[in-house]
Amino acid sequence: MEPAIYADDLRKAYGDVRALDGLSFAVDRGEFFGLLGPNGAGKTTFINVLVGLAHMDGGTAEVFGYDVEDDYREARDRIGLSPQEFNVDRFFPIHEVLEHKAGYHGIPQGEAERRAAEALQTVGIYDKRDTRFDWLSGGMKRRFLLARALVTDPELLILDEPTAGVDVQLRRDLWGVIERLNAAGTTVLLTTHYIEEAERLCDRVAITDEGRVVDVATPDELRSRGTDKVYVTLADAPAETPALDVDGVREIDRDGDTLVVTAGGGGRVAPALLRELEYAGHEVVDLDIRRASLEEVFVDMTRVDDEAEELGVVG
Amino acid sequence: MAPGPDGHSGADAAGGTAGTPGGVRAGARATDGGTATDGGTARDTTGHATGGGLLGVGFRSLLKREILRFVRRPRNTFVPPAITNVLYFAVFGVILGGRVGTIAGGIDYLLFILPGLVVLGAISNAFENASFSIFHGRWNEYIHETLTSPLSYASMVLAYILAAALRGIIVGLIIVGIGLLFTSVPIERPLFLAAFMLVVPLLFASLGVIGGLVAEDFDDLTVMNQFILRPLVFFGAVFYSLEILDPLYRTLSLLNPMVYMVNGVRYGFLGYQEVDPLASLAVLSGLTAVVALVDVWLFRRGYGLID
């Protein structure tokens, strides 16, 4: 069966800027897939190519096997998009906006009304149905964008920064809705700056940078590639940093009575580390392993030089 | 300077962009949304209808949206041309017209200018509706709701054009209605009248689509109306007969497409013609088809719409 999304060697330039520079990856049906990358990595451009808001210069993009340009109607009919920017019809109350959107997807009026009501209930703003989008609060606007993506009952839900500027409680609510949809079979493509969200929610993530996919893996796999830190507290502060010959250890720092050991896999090196230390005559009183977060791995993989600030990584 | 039927374009724009209560609020009340659970039809629509054929559900949904947009804001769309034309009829028709007397072989001046005013109102409103609706959608990016749907580009364009032309036709009828307050209005060639009143608004609705795609600012829409439409209309034999012009200017006037439209509609109402209405109709119909095809081509390319 064709994957939900298939991208091969996508290219798109805006003047001198290569927004997509050979982007390739595939998303399986039913997957919860995260697209991570610094600002300007090409995530939104990629989404725009899928939904028809950007022409690609080269390459192939397919949604459930339908080419996004040659079979654009089939492809677009399967996608529900919750975009980063607010782009909602200002002339109509929100329930009508949803009915129109459903209508554009070929859903007759009666059914469109039913679905609009259902979508508004799902995101919890049904009581605002007669309000215009401009008069909704910021959080309600985000909810509405999700409702609009859901009203056509999409097989592929694309969420571009769906929780930007949204408070914690609402984020939990939105993720609850999205996880239920995913559990019911909807494929989800997510971009987010909240990396710990991607870490928690996604089956797999693609790390993108400069218009390319740097790596695709499960959050666990990616984390395991990062360096963990093992904090070993000794009974007596050592006079100097002990030299330890343990496979996987990259660096050892001394902080009072605590040794900070940077290692490829914290759990794997810990037993050998303890043996070596005790052999050298140190008494270990505490041990703490801090695993690399996806965010740290992400920063390592996408960092150009010291411009971590500009990567737009939000903790 | 006469405000012209388009004098309200600024208001339409301002009301829309800022999302101000203005004309918009009426719509909210009008549709007390409580239609929520209508039971709906069967769930057979979960399959992929892809918006249907050229005139399918998708097309009809967009057409309905486009029509409701102007119908629910009559203060921005219908009242201004009504007021303007009361002024035209009163000042040009009654006050000045009394001095002019008859024109073009015995036609009452007020009656002579009526077809021209109908054309003027119809084309301004058809053009404005299409250009404004598309530009406003681009400006606020909600045209993405349509663009990311499975509607075919031909369906999209057709919906925009038909809705805009309908507004032009309705405004034309309103102007005829106002004319009836001042004089009796004959309809000598009803079929010609119907044909011209269909083709002319369709043509300007199609041109309005291009206007809405090329505009980069709300001011651009005003400029198109002020510097292109209005001069053509004023030199389009709305207020005078070609026969009163010097031969040079009469020949020059024949280069103005507006002359043929005004003449055609005038022929429908009064049976009076200065150029062959059948040839005009053929040329205008062909032109409309060409412009509509250009519209579809521009949408397909994403001109002004996408990156």
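Mentor: Begin at a helix end. This is a predicted model. Just after α3 of chain A, A:G106 takes a positive phi of about 85°.

Trainee: Where does A:E161 sit?

Mentor: A:E161 lies in the loop between β7 (156-160) and α6 (168-183) of chain A.

Trainee: And where is B:E141 placed?

Mentor: B:E141 is in the loop between α6 (109-139) and α7 of chain B.

Trainee: Why does A:E161 count as partly exposed?

Mentor: Count C-beta neighbours. A residue is buried at 20 or more within 10 Å, and exposed at 12 or fewer. A:E161 has 19 inside 10 Å, so it counts as partly exposed. B:E141 has 16 other C-beta atoms within 10 Å, so B:E141 is partly exposed.

Trainee: Back to the helix. How should I read burial along it?

Mentor: Start with the general idea. An α-helix has 3.6 residues a turn, so residues three or four places apart point the same way. Then check each residue of the case.

Trainee: How many residues of α3 in chain A are buried?

Mentor: Helix α3 (residues 94-104) of chain A has 11 of its 11 residues buried. Among them are A:I94, A:H95, A:E99, A:K101 and A:Y104.

Trainee: What do the buried residues of α3(A) pack against?

Mentor: Partners come from both chains A and B. In chain A they are α4 (109-122) and α5 (138-150). In chain B they are α3 (57-71) and α7 (143-147).

Trainee: Next, sheets. In what order do the strands of the open sheet in chain A run?

Mentor: Read across the sheet, then check the pairing. The 4 strands follow the order β12-β13-β11-β14, and the pairing is antiparallel. The edge strands are β12 (249-255) and β14 (284-290), each pairing on one side only. From one strand to the next, the twist averages 20°.

Trainee: Over how many bridges do β11 and β13 of chain A pair?

Mentor: Strands β11 (residues 228-234) and β13 (residues 258-263) of chain A pair over 6 bridges, in the antiparallel sense.

Conventions: Residues numbered from 1 in each chain as written. Chains lettered and ligands numbered in written order. Predicted model: local features only at pLDDT ≥ 70, side-chain atom pairs only at ≥ 80, totals over all residues. Helix = DSSP H or I, 4+ residues; strand = E, 2+ residues; numbered from the N terminus. Contact = placed C-beta atoms within 7 Å. Pairing = 2+ DSSP bridges. Axes fitted to C-alpha atoms, helices over the stretch in contact; angles between N-to-C directions.
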